[in-house]
Amino acid sequence: MKSDSQILTKIFTPLVIITIVSAILLSLYITNQTKKNIISNSTVYALNTIKQYKMLRQYYTKYVIEKIPPSMNIDYIHKNLNNTLPLPATMLKDLSVLLGQDKNGTQINLYSSYPFPSSENRKLDDFSKRALIKFKDNKQKDIIEITTRNNKKVLRVATPDYMTQNTCVNCHNTREDSPKKDWKLGDIRGILEVIIPINKELELAQSLNIQIIILILFLVNMILLVLYFYFKKNILKPYKHLYDERKKFY
Ligand code: HEC
């Protein structure tokens with residue numbers, strides 16, 4: 001008869017291998033699922049943020065811009081001028097600068113292929129350039145991407161910015177400095193983008209995943225250990241005894 005250790009190795013080696021392989025597969029699955037969850041939650045948050053900013057600008061255009069008397073100006077240079085209000089886009093751009101002061105917070109971006117003279121020298125990165133090309137045919141829906149920005153993982157969501165009100169169209173078609181003057185209601189004028197840092201969420205999820213895997217490995221190993229001693233004492237020993245006794249008769 002084989003020795004105790006040979007029998008135990010035969011039984012427990014496959015169990016240990018199955019445990020390790022299952023732990024690896026489980027860890028890959030959990031990592032993948034939590035990453036997916038983080039991305040889908042952040043996407044919902046990003047789309048909501050864009051909706052809120054669009055609503056805010058729509059409100060500002062309708063209830064402020066449309067009501068201002070002719071004695072007031074509307075322009076991108078407004079901060080130190082008593083008789084000048086910010087343009088709807090300028091309000092968003094100013095807010096984007098204020099938000100940008102918090103390097104770990106949400107950021108917004110407004111841009112297009114037809115910048116006014118004030119923004120002609122801006123530099124767009126690869127994501128923004130690609131977004132502009134994709135939105136050119138007026139059909140593309142939102143663009144969602146995970147990229148690295150300033151060494152941090154971020155979620156970028158770009159959505160088309162439509163000419164939703166006659167006030168938008170009228171102003172863009174009549175202002176002297178407008179780069180294009182044949183806009184129609186419903187045209188995509190540009191892109192409104194939200195950038196959400198997801199570094200911290202990914203790191204937290206990663207450390208939680210590691211903790212879960214360690215806990216599972218610990219529990220499974222404890223079960224295997226209990227099984228090992230149980231098998232050795234209650235099955236292998238009596239069986240061996242029986243085997244030896246039986247041998248005496250032959
Ligand atoms: C009173 C005039 C006026 C109104 C009303 C107006 N805009 Fe503008 N818009 C401008 C000017 C001027 C700029 C350039 C501002 C800047 O660069 O700071 C601009 C910039 C933009 C840009 C960014 C373009 C770029 O490449 O930087 C978008 C997109 C835009 N407007 C869409 C709209 C939409 C949509 C509405 C209506 C909800 C609207 N605008 C209402 C005058 C107006």
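A nonpolar core is taken here as a set of buried Ala, Val, Leu, Ile, Met, Phe, Trp, Tyr and Cys residues joined through C-beta atoms within 7 Å, a residue being buried if 20 or more other C-beta atoms, placed from the backbone, lie within 10 Å of its own, exposed if 12 or fewer, and partly exposed in between. The structure is a predicted model, in which local features need pLDDT of at least 70 and side-chain atom pairs count only at pLDDT 80 or more, whereas totals for chains, interfaces and linings use all residues. Residues are numbered from 1 along each chain as its sequence is written.

The largest nonpolar core holds 18 residues, of which Leu-110, Val-157 and Ile-191 touch the most other members. Two or more residues each are given to this core by H2, strand E3 (107–111), helix H3 (126–135), strand E5 (152–162) and strand E6 (188–197), these elements being DSSP runs numbered from the N terminus (helices, H or I, at least four residues; strands, E, at least two). The largest share, five residues, comes from E6. When neighbours within four places in sequence are left aside, the contacts of Ile-191 include Tyr-111, Ala-131, Leu-132, Phe-135 and Ala-158, contact requiring C-beta atoms, placed from the backbone, to lie within 7 Å.

In the loop between strand E4 (143–149) and E5 lies Asn-150, and Asn-151 is also placed in the loop between E4 and E5. Phi is near 50° for Asn-150 and near 65° for Asn-151, although most residues other than glycine have a negative phi. Asn-150 counts as exposed because it has 7 C-beta neighbours inside 10 Å, and Asn-151 is exposed with 6 other C-beta atoms within 10 Å.

Note on methods: Two residues are in contact if their C-beta atoms, placed from the backbone, lie within 7 Å.
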